Structures are given as structure tokens and as C-alpha cells.
Amino acid sequence: MKEGDGESWFCYYCVMKLHWKPEDYLSLSYREKILMKVFIEERLRAEESSRNKLKNSSTYTRRR
């Protein structure tokens, strides 16, 4: 998959993470694909935020 090929990446995400068949994603209308992209991007932002919070809370601070 080439970098910058967003359509393939979103299809890949739906297949691998959401367990869709490729034709499920490909059969969506243009508007439905846009909506799915927004949902996926929001989910990725939330996961990244959660990872950052966990990382920041688990860092060991040395006390003197």
C-alpha cells in the first residue's frame, strides 16, 4: 500500500480492525465513506490521547 493512498488505508482499517469484508467498505456511498473516515480518525485520536495519558501517568518521578 503506497503512502498517501488514503482510500486504501481506510479500507485496510475497516478490514483489519472492524472485521469487514473489503466489499463492505467498497459498496459504501461517497457520503458513507466520508462519515466512516471521520469516525475512524476520531477513534484514532481518542486512542492516541488515551495512550498519552497512560504514558504520562505511568512515568516514574524520583523523589528526594
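Which residues does Leu28 touch, not counting residues up to four places away in sequence? Leu28 touches Trp20, Lys33 and Met36, where contact means heavy atoms within 4.5 Å. The structure is a predicted model, in which local features need pLDDT of at least 70 and side-chain atom pairs count only at pLDDT 80 or more, while totals for chains, interfaces and linings use all residues. Residues are numbered from 1 along each chain as its sequence is written, and side-chain values use heavy atoms, with hydrogens and water left out.

**Helix H3**

- Helix H3 covers residues 30-57; helices are DSSP runs (H or I, at least four residues) numbered from the N terminus.
- H3 has 28 residues and spans 41 Å from its first C-alpha to its last, close to the 40 Å expected at 1.5 Å a residue; the expected span is 1.5 Å times one less than the number of residues.
- The buried residues of H3 are Lys33, Met36, Lys37 and Ile40, where buried means under 20% relative accessible area, exposed over 50%, and partly exposed in between (1.4 Å probe, protein chains only).
- Helix H1 (6-17) and helix H2 (22-26) are included in what covers these buried residues of H3.

- Lys33 lies in helix H3 and is buried, because its relative accessible area is 16%.
- Lys33 touches Glu7, Tyr25, Leu26 and Leu28, not counting residues up to four places away in sequence.
- Glu7 forms a salt bridge with Lys33, with the closest N and O atoms 3.6 Å apart; a salt bridge is a side-chain nitrogen of Lys or Arg within 4 Å of a carboxyl oxygen of Asp or Glu.
- Since Glu7 lies in helix H1 and Lys33 in helix H3, the pair ties together parts that are 26 residues apart in sequence.
- Glu7 counts as partly exposed, at 30% relative accessibility.
- A network of salt bridges links Glu7, Lys33 and Lys37.

- The structure holds four salt bridges.
- Side chains of opposite charge can pair when their charged atoms come close.
- Glu42 and Arg45 meet through their side chains in a salt bridge at 3.5 Å, N to O; both lie in helix H3, three residues apart, about one turn of the helix.
- Glu42 is partly exposed at 45% relative accessibility, and Arg45 is partly exposed at 48%.
- Arg43 and Glu47 form a salt bridge at 3.1 Å, N to O; both are in helix H3, four residues apart, about one turn of the helix.
- Arg43 has a relative accessible area of 39% and is therefore partly exposed, as is Glu47 with 30%.

**Nonpolar core and surface patch**

- The largest nonpolar core has eight residues in all: Phe10, Cys11, Tyr13, Cys14, Tyr25, Leu28, Met36 and Ile40. A nonpolar core is a set of buried Ala, Val, Leu, Ile, Met, Phe, Trp, Tyr and Cys residues joined through side-chain atoms within 4.5 Å.
- H1 and H3 are the elements that give two or more residues to this core, and H1 gives the most, with four residues.
- Tyr30, Ile34, Leu35, Val38 and Phe39 form a nonpolar patch on the surface, together about 530 Å² of accessible area, a value from the Shrake-Rupley method with a 1.4 Å probe, for which only the protein chains shown count as cover for residues.
- Patches are made of residues with over 30% relative accessible area and no salt bridge, with nonpolar side chains (Val, Leu, Ile, Met, Phe, Trp, Tyr) joined within 5 Å and like charges within 9 Å.
- Val38, found in helix H3, is partly exposed, with a relative accessible area of 44%.
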